[in-house]
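Colleague: Could you walk me through this model, starting with its ring pairs and ending with its pocket?

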Amino acid sequence: MNKVFYTSVLLVSMVNLVLPPVQANMQRQERSFAEQMMTLKAAVLADPRQPYDAAALNMLLSDVKPYLRQTLEVDPSLPINLDTYLPLHIPNDKVERAISLQKQHERVLTDIAKQYQVQARFILAVWGIASDYGADMGSFPALTVLATQSLQADLDTTDFVDAIVALAASGLTPRQFTANRDGRLGQAGLTASQYLQFGADGDGDDKIDIWHNHADVFATIANMLRQQGWQMEATWGRQVQVPDDFVLDNALAKGPQAFEFWQGLGVRRFNGDDLPKVASIRANLIAPDGINGRKYLVYENYRALNQLLDNHYASISVTYLSERIKYPKQK
């Protein structure tokens, strides 16, 4: 037998051996997704908040297909800690764009900051971290992403049903109702549930468009923070240093305490000075990277922010960017 022909036959045989299991697996996935879509449709129809009948819902969901999420590669040689994370994710040009956008949207930001009692720099910072000021809000069909996520999350239907309700409330078409790769909506990066809870009309047009309308984006972010207990007259916290013999685990277990308490444990401002003598503030210590990483005393506003983001890296990124907006010459 000709060697080339033999090799070709062998390769074809190997392909024939491999393809059926792959095809079978794909068919199983398609069946599983189709079955989940039936479950999702039933859950939507059972929810009194949504306005669709069965025929309208079938038409709405006819284009929903499985979403194949691409895995992002991470450079394993780069240590992940706040010292590397913050300059990587908040470079100088991101700060400069925030300052430029603050000037561009000064009037609407001032009005919304006053209405919701949330400082403009924090509204800008949340916007910047959530979607890079709208440049990275994603263009994936939200229903497709969330339907696929529901299949991977123990068949939970909650987010998908909320998204259907949010779609109806938004006035957008399914094509316009987009999300990022994690299923977060619009320039504010909200879950569907957060959109329904915090979405705000910033310009009085009776719509809440966090995809295209800056006033709605700003009002929604401000409303979200305000509802968590944000205090206009207060700030978020400060970076601190601790003594060499500091017992971190014990300190992390403490709830919010007066500055006097932390002063007694040897905690000092980052420059080594004593902590403020402000009796009204209650602060707790966080150290996302452990004893050798950055440490912060954080106040009520930070706790409100982190209750929403549920991630110290994201919350500290917001506060870091807000400080860079306020003090652009400091790095």
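Colleague: Happy to have it on screen! Are Phe-259 and Tyr-299 buried or exposed?

Modeller: A quick note to begin with: this is a predicted model, where local features need pLDDT of at least 70, side-chain atom pairs count only at pLDDT 80 or more, and totals for chains, interfaces and linings use all residues. Residues are numbered from 1 along each chain as its sequence is written, and side-chain values use heavy atoms, with hydrogens and water left out. Buried means under 20% relative accessible area, exposed over 50% and partly exposed in between, with a 1.4 Å probe and protein chains only. By that rule, Phe-259 and Tyr-299 are both buried.

Colleague: Thanks! How many aromatic pairs are there?

Modeller: Rings of Phe, Tyr and Trp (its six-membered ring) pair if their centres lie within 6.5 Å; planes under 30 degrees apart count as stacked, over 60 as edge-to-face and the rest as tilted. By this rule the count is 11 aromatic pairs.

Colleague: Which kind of pair do Trp-127 and Phe-218 form?

Modeller: Trp-127 sits in helix α6 and Phe-218 in helix α10 (residues 214-227), 91 residues apart; helices here are DSSP runs (H or I, at least four residues) and strands are too (E, at least two), numbered from the N terminus. Both Trp-127 and Phe-218 are buried. With 5.1 Å centre to centre and 75° between the planes, Trp-127 and Phe-218 form a pair that is edge-to-face.

Colleague: Which residues do ring pairs link into a cluster with Trp-127?

Modeller: Phe-218 belongs to this cluster, and Tyr-133 does as well.

Colleague: Now the pocket, please. What is the volume of the largest pocket?

Modeller: On a 1 Å grid over the protein atoms alone, a pocket is an open set of points where a 1.4 Å probe fits, with protein on both sides within 12 Å along at least five of seven lines; lining residues have an atom within 4 Å of a point. Grid points are joined across faces, edges and corners, and the volume is the space filled by probe spheres set on the points. For the largest pocket that gives about 870 Å³.

Colleague: Which residues are closest to the centre of the largest pocket?

Modeller: The lining has 30 residues. Closest to the centre are Ile-129, Ala-130, Asn-180, Asp-182 and Ala-314.

Colleague: Which element gives the largest share of that lining?

Modeller: Elements that give two or more residues are α3 (82-89), α6 (120-131), α13 (300-309) and α14 (312-326). The largest share, 5 residues, comes from α6.
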